[in-house]
Amino acid sequence: MVKILSIPHIGSDNGKITPRKDDKTSMLRAVKEIEEIIEENNRIEESIKKENETSRD
Amino acid sequence: MRPLVTEINKSHIANKYVFLDTNVLNLMFRDKDAFNCILDVFSESYLTIESLVRFEFLRDVFLPKQRELKELFIDNEVIFFPSAEHQQLFNDAKENALALSFIYAHKDVKSASFIDLMIAAKAVIHFPNAIIVTQNRKDFPAFLFDTVGVINYEEEKTRQISNYVIVSFNKENYKSAINSLEKVLG
C-alpha cells in the first residue's frame, strides 16, 4: 500500500544563508589551479584523440 | 567556446546552495570560459556538490592522471561546497526522492535518474535556500520547478547551442500536484 503521498521533508527555514565572504587571494589562487587542471585535462583528451586517430589509420 | 548568460534575476540566486548537476560539472571541467562564467554568475552563492554527483562525475575514468585531475577539480573547497552529509539527512532525502518519483510518475515523467531525484530531494530539504543548475530540464519538471535563469553555451566546433537551466522548487505547485494525485488515488 502506498503511504507516501507527499514529500515528507520540506525546508521551512526562511532565514538567509550566511553570505559568501571569499578571501580574494585564495579565490584567485583556486581559480588559477582549476584553469591549469582544465588545460592539462584537455591536453590529455587531445592526445587520446590523436592516438585513436593514428591507430585507426 | 562561448558561454552567454541570459537575463537572470540575481535576487533569485544570491545566498543559495546551488546544486550542480553532473552535466554542468562536466562542462565546467572541459571549458575554462564556462567555468569562469558559472563562477561569476553564482559569485554570491555556494556551488554545492551532492555526494552522488561527485560519484557520477568521477566514475568510469580509465587513466590515473585524469582521475587525479578530476579529484583535484571537484575537491577544491574554495570553489565547491560539499553538500551536508549524515545518515538522517540521507534517509530524509531518500524519502523525498521516492515521493517525488510518485508525483513524476503521475505526470508521466520517467526520465529522472536516481541521482536527479536525490538532487531534487536535497533542494527540497533546503527550500527556499536552494537552486539547481542542469542541462536536462525535463528531469526537474516545470510542474514542480520554476526556471529562474538560463545559461546558453555555444560549442566552438559545432556551433551548437546548449542550454543550462537554473531552477527552484515551487512549493505551491507541489501542493497542487499532491492534491491532484490524491484525487486520482481517491
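Helices (H or I, at least four residues) and strands (E, at least two) are DSSP runs, counted from the N terminus. The model shown in these views is predicted.

**View 1. A loop of chain B carries Asn15(B), a residue with positive phi.** Asn15(B) sits between helix H1 (10–13) and strand E2 (17–20) of chain B. Its phi is near 55°, and Asn15(B) is not a glycine. Most residues other than glycine have a negative phi. Asn15(B) counts as partly exposed because it has 14 C-beta neighbours inside 10 Å.

**View 2. Helices H4 and H5 of chain B pack against each other.** H4(B) covers residues 51–58 and H5(B) covers residues 64–74. Their axes lie 10 Å apart, at an angle of about 155°. Angles over 145 degrees count as roughly antiparallel, so H4(B) is roughly antiparallel to H5(B). The crossing of the two helices is right-handed. On the H4(B) side, the contact uses Arg54(B), Phe57(B) and Leu58(B). On the H5(B) side, Lys70(B), Glu71(B) and Ile74(B) meet them. By class, the contact has 3 nonpolar and 3 charged residues, with no polar ones.

**View 3. Helices H6 and H7 of chain B cross.** The axes of H6(B) and H7(B) are 8 Å apart, and the packing angle is about 110°. H6(B) contributes Asp92(B), Ala93(B), Asn96(B), Ala97(B), Leu100(B) and Ser101(B). From H7(B) come Leu117(B), Met118(B), Ala120(B), Ala121(B), Lys122(B), Val124(B) and Ile125(B). The contact of H6(B) with H7(B) divides into 9 nonpolar, 2 polar and 2 charged residues.

**View 4. Tyr104(B) is a buried residue of helix H6.** H6 of chain B spans residues 87–106, with Tyr104(B) among them. Tyr104(B) counts as buried because 22 other C-beta atoms lie within 10 Å, and the cut-off is 20 or more. Leaving out residues up to four places away in sequence, Tyr104(B) touches Val109(B), Ala112(B) and Pro141(B). Leu181(B) is 77 residues away along the chain from Tyr104(B), yet their C-alpha atoms are separated by 10 Å.

**View 5. Asp108(B) lies in the loop between H6 and H7 of chain B.** Phi of Asp108(B) is near 65°, a positive value in a residue other than glycine. Asp108(B) counts as exposed because it has 7 C-beta neighbours inside 10 Å, and 12 or fewer is the limit for that class.

**View 6. A cis peptide bond joins Phe127(B) and Pro128(B).** Omega is about 5° at this bond. Most peptide bonds are trans. Pro128(B) belongs to the loop between helix H7 (114–125) and strand E5 (130–134) of chain B.

**View 7. Chain A meets chain B.** Chain A has 57 residues, of which 7% count as buried. Chain A contains 1 helix and 0 strands. The contact takes 27 residues from chain A and 37 residues from chain B. On the chain A side, these are 14 nonpolar, 7 polar and 6 charged residues. The predictor gives the complex an ipTM of 0.87 and a pTM of 0.91. For chain B, the mean pLDDT is 91, and 96% of its residues reach 70 or more. Where pLDDT is low, the predicted coordinates should not be read in detail.

Terms used
Residues numbered from 1 in each chain as written. Chains lettered and ligands numbered in written order. Predicted model: local features only at pLDDT ≥ 70, side-chain atom pairs only at ≥ 80, totals over all residues. Contact = placed C-beta atoms within 7 Å. Nonpolar A, V, L, I, M, F, W, Y, C, P; charged D, E, K, R; others polar. pLDDT = per-residue confidence, 0-100. Axes fitted to C-alpha atoms, helices over the stretch in contact; angles between N-to-C directions. Parallel < 35°, antiparallel > 145°, perpendicular 65-115°, else oblique. Left-handed = near helix turned anticlockwise from the far one by under 90°.
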